[in-house]
Amino acid sequence: MEPKFIDTHAHLHYSIEKIPKYKKILHSNSPNPFAEAINALRRDHFPDEFEGCVNVLCDVESLSCSVANPPWKQIANHTDFVYLAAGLHPVAAFLYTESVAADLLEIHSHPKTIAFGEIGLDYHYEMTASPDSPMRDTQKRALREQLGLYKILYPAPTSTPLVLHMRGEQAYADTLAILKEEQISRDTFIHAHCYTGTLDDAREMMEWFPNCYVGITGAVTYTTGEGKRMKNIAQHVSIDRILVETDAPYLPIKDYSPNTQNEGSTSNAAPVVEKNNGKQTGSSNNQKGDGKPIKGTSHPGQIRMISQKIADLKGMSCDEVMGLVRSNARTVYGI
């Protein structure tokens, strides 16, 4: 029997909007179309070993509470395997307002919301490339305000994790500096989502926050600079500080061939990323449990393939890796 697994970071509400079969459900007369579509996606594509996922709400539209039965509430109330994290993504920092803060307060009052984020700093895109860019200041301000909200919602000591998005040179050091300045408890559980920084930066973060874990995604199969850095992290960070995630529908497996069969995509690049009010969009139909990308996108059923790559890098068995990272997910997220 294959080990059970959790996807610690996914955006299934984006996935179903990009797969025609499930997008149709969103336009049906169902009272809870988002939940119905996600339940159908699970039935069709996730293996029996799949136990659940953390679905991350990080754009203004996904966080909105302005309608009577918003998508996030449908997902929380009418799926039995999806938990929520909520926080405004740094690329949408310019949209952070009191209204967004109020939406976050409401979402975090729901019992299935188990993490705050993804929040942080993203210096990857050209609009934030300059060290003195106003966008960097905007991102830092939104990060500080959301950390303040986090401390109000979850006074230390708390077991509710922070999900951090850090991308681009200097983003790691700047994020750690702000966490220190905002006096985030060193006992805080931190998920460094899709970590592509240096090993030194990871070690510094984990030394200051002994409950910090790094997230490994399908990018570990890439040959880009970020892919190589993630391989280095996966190889050298202790397995007891690693979380496995898909970031679905992004970061599909690339040319991945485990020892027994070819499970991978032939695509040489990550999916095109489009910005729409801070919301990233991707695209995604396959047979249940085969783990193959759906038109170049990822889904939680691919956790085993990411775990296999980590196992290859560490000289471990895939089942051993999956058992250990499942335990890590339970430690960080309580699920």
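Trainee: Hi! At what angle do helix H9 and H10 pack, and how far apart are their axes?
Mentor: Helix H9 (residues 199-208) and H10 pack at about 50 degrees, with axes 10 Å apart. Helices here are DSSP runs of H or I, at least four residues, numbered from the N terminus. Axes are lines fitted to C-alpha atoms over the stretch in contact, and angles run from 0 to 180 degrees between N-to-C directions. This is a predicted model, where local features need pLDDT of at least 70, side-chain atom pairs count only at pLDDT 80 or more, and totals for chains, interfaces and linings use all residues. Residues are numbered from 1 along each chain as its sequence is written, and side-chain values use heavy atoms, leaving out hydrogens and water.

Trainee: Which residues make that contact?
Mentor: H9 brings Leu-199, Ala-202 and Arg-203, while H10 brings Asn-232, Ile-233 and His-236; contact means heavy atoms within 4.5 Å.

Trainee: New topic: where is Glu-226 found?
Mentor: Glu-226 belongs to helix H10, residues 225-236.

Trainee: And what joins the side chains of Glu-226 and Arg-167?
Mentor: A polar contact of 2.9 Å. Glu-226 also touches His-124 and Thr-196, leaving aside residues up to four places away in sequence.

Trainee: What does Leu-162 touch?
Mentor: Not counting residues up to four places away in sequence, Leu-162 touches several residues, including Phe-116, Leu-147, Leu-179 and His-191.

Key:
Helices (H or I, at least four residues) and strands (E, at least two) are DSSP runs, numbered from the N terminus. A polar contact is a pair of N or O atoms within 3.5 Å; within protein, one must be able to donate a hydrogen and the other to accept it, and residues adjacent in sequence count only if both atoms are side-chain atoms.
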